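Good morning, and thank you for coming.

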Amino acid sequence: LAKQQAQAITDEHRLGANLAAEKEQVGQLKGRLSHERTAASSAEATLEARLAAAKKRAAATEGELREDLARARQRARREEATLEGELAAERLADGKAEQSLHVSLATEKKHMQEVESALQARLAK
């Protein structure tokens with residue numbers, strides 16, 4: 001009986017030591033898990049901040065591009081209006097020049113007819 005009691009006490013001490021070791025290991029695992037959760041949470045927050053910053057930069061870039069496009073369109077409209085004005089002025093100048101040429105031609109024809117009439121009148125004499 002004493003031998004069994006001694007064995008039971010030894011077993012109890014061994015089981016107690018094993019239980020303490022298991023509790024220690026569980027504590028260490030809980031600590032590692034907590035550390036890993038904290039690290040993952042920190043990494044997630046960092047990535048979310050980087051994503052937000054990237055979205056902000058993209059929005060700013062998009063805004064700048066839209067402004068550049070609006071300015072380019074406005075410049076193109078001004079240039080088009082300028083060119084249309086120049087074209088209209090050239091057409092007006094061309095029209096006046098053509099009209100002037102027609103007047104000159106008509107005057108020249110009239111003069112030629114007068115000369116021709118005068119020559120025919122001389123020839124008839």
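A word on the source comes before the details. This is a predicted model, in which local features need pLDDT of at least 70 and side-chain atom pairs count only at pLDDT 80 or more, while totals for chains, interfaces and linings use all residues. Residues are numbered from 1 along each chain as its sequence is written, and side-chain values use heavy atoms, with hydrogens and water left out.

Let us begin with the overall form. The chain contains 1 helix and 0 strands; helices (H or I, at least four residues) and strands (E, at least two) are DSSP runs, numbered from the N terminus. The helix is called α1 and covers residues 2-124. Along its principal axes, the C-alpha trace of the chain spans about 180 × 20 × 10 Å.

How does the radius of gyration of the chain stand against that of a compact globule of 125 residues? The chain has 53 Å, whereas such a globule would have a value near 14 Å. This radius is taken over C-alpha atoms, and the globule rule is 2.2 Å times the number of residues to the power 0.38.

What share of the 125 residues is buried? The answer is 0%. Here, buried means under 20% relative accessible area, exposed means over 50%, and partly exposed lies in between (1.4 Å probe, protein chains only). His35, which lies in helix α1, counts as exposed because its relative accessibility is 55%. The accessible surface of the chain comes to about 11600 Å², and 57% of that belongs to carbon and sulfur atoms. Accessible areas come from the Shrake-Rupley method with a 1.4 Å probe; for residues, only the protein chains shown count as cover.

I turn now to the salt bridges. A salt bridge is a side-chain nitrogen of Lys or Arg within 4 Å of a carboxyl oxygen of Asp or Glu. How many are found in a search of the whole structure? There are 3.

One of them joins Arg14 to Asp11, with the closest N and O atoms 2.8 Å apart. These two residues are 3 residues apart in helix α1, so about one helical turn separates Arg14 from Asp11. Arg14 is partly exposed at 45%, and Asp11 is partly exposed at 24%.

Another links the side chains of Arg66 and Glu62, at 2.8 Å from N to O. Arg66 and Glu62 are 4 residues apart in helix α1, and therefore about one helical turn lies between them. Arg66 counts as exposed at 56%, whereas Glu62, at 40%, counts as partly exposed.

There is also a salt bridge between Asp68 and Arg71, whose closest N and O atoms are 2.3 Å apart. Both residues lie in helix α1, 3 residues apart, which is about one turn of the helix. Asp68 is partly exposed at 38%, as is Arg71 at 40%.

Lys and Arg count as positive and Asp and Glu as negative, while His and the chain ends are not counted. The place of a charge is taken as NZ of Lys, CZ of Arg, CG of Asp or CD of Glu. The chain has 22 positive and 21 negative charges, and their mean positions are 3 Å apart.

Patches are made of residues with over 30% relative accessible area and no salt bridge, with like charges joined within 9 Å and nonpolar side chains (Val, Leu, Ile, Met, Phe, Trp, Tyr) within 5 Å. Which residues form the positive surface patch? They are Arg73, Arg75, Arg77 and Arg78. Of these, Arg75 is placed in helix α1 and is partly exposed at 48%.

A negative surface patch is formed by Glu79, Glu86, Glu90, Asp94 and Glu98. Glu90 is likewise found in helix α1, and its relative accessibility of 48% makes Glu90 partly exposed.

Thank you for your attention.
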